[in-house]
Amino acid sequence: MSGTEAAAEPGPARPDGPSLVWLRDDLRLGDNPALTAAVERGRPITLLYLLDEVSPGIRPLGGASRWWLHQSLVSLAADAAALGGRLVLRRGAAEAMIGELVEELGAGAVFWNRRYGAAERELDTRIKTSLTDAGVVAHSFAGSLLFEPWTIRTGGGTPYTVFTPFWRACTSGPPPRAPYPAPAELSDADPDLDSDDLPSWELEPSRPDWAGGLREAWTPGESAAQELLADFLDESLPTYGTERDLPAQQVTSRLSPYLRWGQISPHQIWHTTDVARRGLTGAAATSATRFLTEVGWREFAHHVLFHAPDLATVNLRPGFDAFPWPPLDVRALAAWQQGRTGIRLVDAGMRELWRTGTMHNRVRMVTASFLIKNLLIDWRLGEQWFWDTLVDADQASNPFNWQWVAGSGADAAPYFRVFNPELQATKFDPHNEYVRQYVPEWGTDAYPAPIVDLGETRRAALAAYEQVKSAR
Ligand code: FAD
């Protein structure tokens with residue numbers, strides 16, 4: 001077990017001081033390299049979650065993410081307590097707060113797993129430098145991605161911009177390391193150390209409490225993630241390849257928010273799926289490979305974020321800056337957000353999102369395409385809405401996919417793709433099962449007429465795209 005950044009520090013100032021494990025996007029005890037390193041160090045451990053809403057450049061969490069975080073911290077605290085450990089909660093600017101805590105605790109070492117956004121990396125580097133200067137051991141580990149972004153390069157040494165060769169490069173090397181076991185027990189470094197009262201953070205909505213649908217749909221936490229994976233592998237893996245695009249079927253894993261918050265690691269998913277794959281043949285084995293390839297898209301999104309930190313705001317293809325967005329139609333945006341566009345699959349998806357904090361992947365593509373290409377609303381506004389409402393809202397995957405649908409992103413199709421949402425509904429929800437689940441009034445007089453003409457708006461989008469083409 002070793003951190004990456006070589007420590008050219010003098011000898012540790014407090015070799016016997018306890019270890020601080022700073023948890024961030026890795027809210028789990030199993031396969032947690034930072035925690036494993038702390039256990040191996042052999043000193044008492046304090047687990048910390050720090051709510052940092054003030055450090056510059058850190059994107060504030062959306063509403064659904066805040067709800068998820070609250071439940072996750074409750075679950076993690078219980079899991080830690082069951083092993084004899086304690087989760088300490090603090091709020092504030094990470095740089096100052098970590099220094100303070102290290103002093104309060106007399107800590108000799110701080111361990112964490114890496115994050116990949118630019119502001120997060122800069123912050124972590126500053127903290128690592130000041131800890132090291134103070135003689136405190138500081139190590140970071142690879143806990144959230146199978147392949148560290150800087151290790152995957154083209155033959156020419158540049159980052160990959162297209163998924164297929166990227167994933168081929170990832171999968172042609174040695175397989176990802178095996179997951180680490182959860183510690184058998186934890187010892188709390190300092191039971192008297194102050195910890196914030198979680199409700200005081202007000203992560204859950206209260207006035208109004210809009211989270212009822214989220215509570216029905218989800219159980220955040222590490223053991224729930226493991227159960228979901230086991231059920232998925234038992235019941236759905238063999239048909240995943242053929243049914244993953246059908247929103248009424250519910251065959252996908254639903255693991256994305258757990259991956260986002262690190263309640264399951266991609267290594268755990270990789271190795272457990274790989275074992276399951278060995279027992280499969282033919283289409284079922286292909287299905288398992290397909291599932292791991294989807295996990296590969298998550299890797300690719302982080303790889304792209306690492307090399308393009310402004311992914312949520314800046315077009316990856318600069319030529320797309322010439323796209324002539326018309327003045328914002330706020331009523332059209334509101335109709336899209338509320339699932340009142342008169343386009344059945346779009347409305348079903350947007351209502352699923354609002355009610356449950358998630359939306360099936362196929363429908364995410366259709367709703368995003370409709371916003372951008374039929375309503376001619378800038379993809380960044382759609383990205384922001386998803387950021388606020390998705391429980392899996394992810395700094396890499398969300399803007400990456402929005403840019404992919406817009407055509408401004410990595411791996412953009414050589415043509416301007418405009419989904420026809422009615423044809424998509426006929427193809428992927430042929431009996432309107434999904435549509436009726438979320439739009440029960442569809443097909444009655446109560447259902448609104450389409451707010452735009454699909455053919456006309458498609459032609460307008462193609463005409464607008466001509467300006468991007470001529471700007472290249
Ligand atoms: P499964 O089909 O079971 O896939 C397994 C895992 O692979 C997922 O949990 C996810 O981690 C990963 N994955 C699958 N597809 C993708 C993809 N296209 N890009 C990146 N990772 C993928 N995913 C997020 O995790 N967070 C987001 O904020 C997010 N925003 C999106 C926005 C748009 C406009 C679109 C089109 C897609 C977005 N996705 C996002 C990707 C995808 O829709 C979800 O990961 C998927 O629906 C989650 O369901 P699942 O866990 O059942 O997926």
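Reply: The answers below concern a predicted model.

Me: What makes the radius of gyration of the protein agree with that of a compact globule?

Reply: A compact globule of 472 residues would have a radius of gyration near 23 Å, and the protein has 23 Å, so the two agree. The C-alpha atoms fill a box of roughly 70 × 50 × 50 Å along the principal axes. Of the 472 residues, 46% count as buried. Among contacts with a separation of 6 or more, 81% join residues 24 or more positions apart.

Me: How is the protein divided, and which helices and strands does it have, by number?

Reply: The division gives domain 1 (19-143), domain 2 (145-179 + 221-307) and domain 3 (318-468). The protein has 19 helices and five strands. UniProt, in an unreviewed entry, lists residues 17-146 as "domain: Photolyase/cryptochrome alpha/beta". Over residues 17-146 the chain is 44% helix and 21% strand, with 32 Å between the end C-alpha atoms.

Me: How do you know that domain 2 and domain 3 touch, and what does each give to the contact?

Reply: Two residues are in contact if their C-beta atoms, placed from the backbone, lie within 7 Å. The C-alpha centres of domain 2 and domain 3 are 25 Å apart. The contact takes 16 residues from domain 2 and 17 residues from domain 3. On the side of domain 2 that touches domain 3, the elements giving two or more residues are α9 and α11. Helix α11 gives the most to that side, with five residues. By class, that side of domain 2 has nine nonpolar, four polar and three charged residues.

Me: Which residues lie closest to the ligand, and what surrounds the ligand as a whole?

Reply: The ligand is surrounded by 27 residues, of which T252, S253, S256, N398 and N401 are the closest. Two or more residues of this shell come from each of α9 (256-260), α11 (282-307), α14 (361-374) and α16 (397-406). By class, the shell has twelve nonpolar, seven polar and eight charged residues. Domain 2 (145-179 + 221-307) and domain 3 (318-468) each give at least three residues to the shell.

Me: Which residues does the record name as a binding site, and what makes them spread out?

Reply: The unreviewed UniProt entry lists Y240, T252, S253, R254, L255, S256, F291, D392, A393 and D394 under "binding site". These residues span 155 residues of sequence, and in space they are spread up to 23.0 Å between C-alpha atoms.

Me: Why is Y240 called buried?

Reply: A residue is buried if 20 or more other C-beta atoms lie within 10 Å of its own. Y240 has 22 C-beta neighbours inside 10 Å, and therefore it counts as buried. Y240 is placed in helix α8 (residues 237-243). Leaving aside neighbours within four places in sequence, Y240 is in contact with V251, S287, R290 and F291.

Me: Why does S256 count as partly exposed?

Reply: The partly exposed class falls between the buried limit of 20 or more and the exposed limit of 12 or fewer. S256 has 19 C-beta neighbours inside 10 Å, so S256 counts as partly exposed. S256 is found in helix α9.

Me: Why are P191 and S172 called exposed?

Reply: S172 has 7 other C-beta atoms within 10 Å, so S172 is exposed. P191 lies in the loop between α5 (163-172) and α6 (212-217), while S172 is in helix α5. The C-alpha atoms of P191 and V88 are separated by 9.5 Å, although these residues are 103 residues apart along the chain. S172 and E299 are 127 residues apart in sequence and 15 Å apart in space, C-alpha to C-alpha.

Me: Which residues of helix α15 are buried, and what covers them?

Reply: In helix α15 (residues 379-389), the buried residues are W379, G382, E383, F386, W387 and T389. Their cover includes α2 (63-82), α13 (344-356), α14 and α16. In an α-helix there are 3.6 residues a turn, so residues three or four places apart point the same way.

How values were computed: Residues numbered from 1 in each chain as written. Predicted model: local features only at pLDDT ≥ 70, side-chain atom pairs only at ≥ 80, totals over all residues. UniProt positions renumbered as here; feature names shortened; annotations may be inferred. Helix = DSSP H or I, 4+ residues; strand = E, 2+ residues; numbered from the N terminus. Near = placed C-beta within 6 Å. Nonpolar A, V, L, I, M, F, W, Y, C, P; charged D, E, K, R; others polar. Domains from an automatic or database assignment. Rg over C-alpha atoms; globule rule 2.2 N^0.38 Å.
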